[in-house]
Amino acid sequence: TSFSSTFKPKKNIPEGSHQYELLKHAEATLGSGNLRMAVMLPDGEDLNEWVAVNTVDFFNQINMLYGTITDFCSEDSCPVMSAGPKYEYHWADGTNIKKPIKCSAPKYIDYLMTWVQDQLDDETLFPSKIGVPFPKNFMSVAKTILKRLFRVYAHIYHQHFDSVMQLQEEAHLNTSFKHFIFFVQEFNLIDRKELAPLQELIEKLTTKDR
């Protein structure tokens, strides 16, 4: 697949909206370099909204990171969606594809990112208008999205880290992933067993910052 077909357009948070202010706040605290502080819920803010804004942001980051290595992730190089020899993912979204299918990594990631984008674009799930409440199942939807986005990081680290290094993108990848991990740990959004493919890396990245 060519770069353009797997690269999803950025999901924009409307300027002037409260979510846009939250995103700006998140960027400013990230700039301080203290990721543990940066992921904490700002005083007086709604947890759903904070999770929503950050989920959109992670989608955009992962989109960009995967976009840099799409040339190295092909049907030939990655016939299955894996994160090292022990972990293989099969795709199902519960609606269009109910029974998990085995597919190549680029196909899987295309399905995954398209699925996430559809969730983010759904105003009933991710309301962008002020005062529109989040649905009762919002957290479980967000958890599924984050669990799936993690798999893209896991695939990049296990199968394409050499390419990332050649492109001199490893600092960018590590910072993004570390931010992601601190975020999901802060609000307990991904089961530990789901994080197993990158457990050693997670320990390495998070212990330096205790």
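Trainee: Why is Gln 168 called exposed?

Mentor: Gln 168 has a relative accessibility of 70%. Exposed means over 50% relative accessible area, buried means under 20%, and partly exposed lies in between, with a 1.4 Å probe and protein chains only. Gln 168 therefore counts as exposed. This is a predicted model, in which local features need pLDDT of at least 70, side-chain atom pairs count only at pLDDT 80 or more, and totals for chains, interfaces and linings use all residues. Residues are numbered from 1 along each chain as its sequence is written, and side-chain values use heavy atoms, without hydrogens and water.

Trainee: Where is Gln 168 placed?

Mentor: Gln 168 is in the loop between α6 (138-166) and α7 (170-186). Helices are DSSP runs of H or I with at least four residues, numbered from the N terminus.

Trainee: What makes the phi of Gln 168 worth noting?

Mentor: The phi of Gln 168 is near 55°, a positive value in a residue other than glycine. Most residues other than glycine have a negative phi.

Trainee: Why does Asn 188 count as exposed?

Mentor: Asn 188 counts as exposed because its relative accessibility is 60%. Asn 188 lies in the loop between α7 and α8 (199-207), and its phi is positive, about 55°.

Trainee: Which residues is Phe 180 in contact with, leaving aside its neighbours within four places in sequence?

Mentor: Contact means heavy atoms within 4.5 Å. On that basis, Phe 180 is in contact with Phe 58, Leu 146, Leu 149, Phe 150, Tyr 153 and Ile 190.

Terms used. Helices (H or I, at least four residues) and strands (E, at least two) are DSSP runs, numbered from the N terminus.
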